[in-house]
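Here is a short briefing to read alongside the structure.

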Amino acid sequence: MKRELGIARCGLACCLCSENVNCKGCKRDGFLELSWCKDAEWCENRGCVIKKGLSGCYECEPSGCSKGLYAEKNKAQAFAEFARRYGISALLDCLERNEQTGIVYHREGIRGDYDDFDDPEALIRFIRTGKRTK
């Protein structure tokens with residue numbers, strides 16, 4: 001875990017991402033200039049947060065949003081909602097504990113153990129407990 005990379009503005013876990021080894025995290029340098037990031041220009045969540053002057057979607061109402069990544073993926077939205085409710089430090093602590101117990105953020109490509117949740121609340125419980133419940 002690269003805890004110093006933290007949580008992206010959208011809520012995804014930069015600290016656990018293995019997609020881009022050159023990534024410096026979405027919040028580096030104020031998140032305004034990300035020439036090294038192939039997704040920076042099209043990221044609707046990034047644009048919205050910058051426009052609103054927020055540090056991240058977790059300072060807004062992620063559970064009621066359907067912009068960008070939130071339109072089709074529960075992971076980013078659930079992570080942001082977790083951070084809104086419990087704080088960034090608590091999210092990082094849970095992710096670190098989960099990683100130490102074998103929970104993998106990116107198992108195949110960008111999909112891992114935090115994916116395939118239909119219900120964001122179920123994913124939030126999984127983040128908190130490290131256990132899948134029905």
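Cys60 is partly exposed, with a relative accessible area of 33%. Keep in mind that this is a predicted model.

**Cysteines**

- A disulfide is a covalent bond between the sulfur atoms of two cysteines.
- How many disulfides does the structure hold? It holds zero.
- For Cys60, the closest cysteine sulfur is in Cys48, and the 6.2 Å between the two sulfurs is too far for a bond, because a disulfide needs sulfur atoms within 2.5 Å.
- Cys10 has its closest cysteine sulfur in Cys43, 5.9 Å away, which is also too far for a bond.
- Cys10 is buried, and its relative accessible area is 8%.

**Helix α1**

- Helix α1 spans residues 44-52, and its buried residues are Asn45, Arg46, Cys48 and Val49.
- These residues sit on the same side of α1, because they cover an arc of only 165° around the axis.
- An α-helix has 3.6 residues a turn, so residues three or four places apart point the same way.

**Helix α4**

- In helix α4 (residues 120-129), the buried residues are Ala122, Leu123, Ile124, Phe126 and Ile127.
- What covers these buried residues includes α2 (74-86) and α3 (88-100).
- Just after α4 comes Gly130, with a positive phi of about 75°.

Note on methods
Residues numbered from 1 in each chain as written. Predicted model: local features only at pLDDT ≥ 70, side-chain atom pairs only at ≥ 80, totals over all residues. Heavy atoms only, no water. Buried < 20%, exposed > 50% of the residue type's maximum accessible area, 1.4 Å probe, protein only. Helix = DSSP H or I, 4+ residues; strand = E, 2+ residues; numbered from the N terminus. Contact = heavy atoms within 4.5 Å. Arc of directions from axis to C-beta.
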